[in-house]
Amino acid sequence: MKDRNFAPLIITFSIVVNIIIAVLFFMPKNHKSVPFDLTIFPRLNAIFNSFTFVFLLVALYFILRKNVKMHKRFILAAFTSTALFLISYLIYHSFAPDTHYGGEGILKYIYFFVLITHITLAPIIVVLALFTLTWGFQTKVERHRKWARWTMPLWLYVSLTGVIVYLMISPYYQ
């Protein structure tokens with residue numbers, strides 16, 4: 001595994017996931033045929049993002065103390081909660097109608113700033129996190145550290161802003 005090139009797999013996966021998300025964004029939705037309340041999914045998404053944020057902070061804590069074993073465990077926990085987020089996100093956006101923010105004034109501008117930066121950075125994090133994880137497991141320590149200096153703060157930002165977006169738009173879910 002140490003010398004295997006995962007770049008084509010990581011790039012292909014990232015492109016496919018982002019294409020699916022783009023298609024779901026433009027696809028017409030028929031939420032009336034779903035036999036359960038879809039509004040649970042945004043809350044689940046926020047919970048998964050919260051877990052990711054906490055797991056990343058704990059992973060950072062352990063690596064700063066040179067505890068690689070615990071760092072790996074919490075990074076894998078962050079990946080797991082992110083994967084669960086992605087599944088929940090895809091289910092929700094496959095069926096649910098769009099929700100529009102109803103706030104006004106300065107909150108509206110704050111919301112859209114947070115939302116736009118979150119949406120812009122989220123696809124980048126997929127690629128960064130997968131490469132950083134791969135190099136960590138391949139014990140390519142220098143490359144892993146170099147990329148993790150960018151990946152960790154951006155991933156923390158994306159997971160935190162996912163929660164903030166949910167908290168700001170949750171009153172407007174149908």
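Me: Where is the kink in H5 centred?
Reply: In this predicted model, the kink in H5 is centred on alanine 148 and amounts to about 40°.

Me: What span should H5 have, and what are its end C-alpha atoms apart by?
Reply: H5 has 29 residues, which at 1.5 Å a residue should span 42 Å. Its end C-alpha atoms are 40 Å apart, so the two values agree.

Me: And H4, where does a kink lie there?
Reply: The kink in H4 lies at alanine 122, shortly before proline 123, and is about 30°.

Me: What about the span of H4?
Reply: The 32 residues of H4 should span 46 Å at 1.5 Å a residue, and the end C-alpha atoms are 44 Å apart, which agrees.

Me: Which residue takes a positive phi just after H4?
Reply: Threonine 139 does, with a phi of about 55°. Threonine 139 lies in the loop between H4 and H5, and with a relative accessible area of 46% it is partly exposed.

Me: Turning to lysine 66, what is its phi?
Reply: Phi of lysine 66 is near 65°, a positive value in a residue other than glycine. Lysine 66 is found in the loop between H2 and H3.

Me: Is lysine 66 buried or exposed?
Reply: Lysine 66 is exposed, with a relative accessible area of 70%.

Me: New topic, the aromatics. How many aromatic pairs does the structure hold?
Reply: There are 14 aromatic pairs in the structure. One of them joins tyrosine 111 and phenylalanine 112: the ring centres are 5.1 Å apart and the planes stand at 75°, so this pair is edge-to-face.

Me: Why does that angle make the pair edge-to-face?
Reply: Planes over 60 degrees apart count as edge-to-face, and the planes of tyrosine 111 and phenylalanine 112 are at 75°.

Me: Are those two residues buried or exposed?
Reply: Tyrosine 111 counts as buried, at 4% relative accessibility. Phenylalanine 112 is partly exposed, with a relative accessible area of 34%.

Me: What about phenylalanine 131 and tryptophan 147, how are their rings arranged?
Reply: Their ring centres are 5.8 Å apart and their planes are at 50°, so the pair is tilted. The pair links distant parts of the chain, with phenylalanine 131 in helix H4 (residues 106-137) and tryptophan 147 in helix H5 (residues 141-169), 16 residues apart.

Me: Buried or exposed, those two?
Reply: Phenylalanine 131 is buried, with a relative accessible area of 11%, whereas tryptophan 147 is partly exposed at 30%.

Me: Which residues form an aromatic cluster?
Reply: Phe51, Phe55, Tyr61, Phe62 and Phe74 form one aromatic cluster.

Me: And which residue lies over the face of tryptophan 135?
Reply: Arginine 143 lies over that face, at 4.9 Å from the ring centre.

Me: On to the packing. Which residues of the largest nonpolar core touch the most other members?
Reply: That core has 20 residues, and those touching the most other members are Leu56, Ile75, Phe79, Ile125 and Trp155.

Me: What is isoleucine 75 in contact with, leaving aside its neighbours within four places in sequence?
Reply: With those neighbours left aside, isoleucine 75 is in contact with Leu56, Ala59, Leu133 and Met152.

Me: How many residues does the second core have?
Reply: The second, separate core has seven residues, including Tyr101, Val114, Leu115 and Met168.

Me: Where is threonine 161 found, and what does it contact?
Reply: Threonine 161 is found in helix H5 and counts as buried, at 3% relative accessibility. Leaving aside neighbours within four places in sequence, threonine 161 is in contact with Val114 and His118.

Me: Last one: how many residues apart are isoleucine 15 and threonine 99 in sequence?
Reply: They are 84 residues apart in sequence and 25 Å apart in space, C-alpha to C-alpha. Isoleucine 15 has its place in helix H1 and counts as partly exposed, at 46% relative accessibility.

Definitions and conventions
Residues numbered from 1 in each chain as written. Predicted model: local features only at pLDDT ≥ 70, side-chain atom pairs only at ≥ 80, totals over all residues. Heavy atoms only, no water. Phe/Tyr/Trp six-rings, centres within 6.5 Å; stacked < 30°, edge-to-face > 60°. Buried < 20%, exposed > 50% of the residue type's maximum accessible area, 1.4 Å probe, protein only. Helix = DSSP H or I, 4+ residues; strand = E, 2+ residues; numbered from the N terminus. Lys NZ or Arg CZ within 6 Å of the ring centre and 35° of its normal. Expected span 1.5 Å × (residues − 1). Bend = angle between axes of the 7 residues up to and from the residue. Core = buried A, V, L, I, M, F, W, Y, C linked by side-chain atoms within 4.5 Å. Contact = heavy atoms within 4.5 Å.
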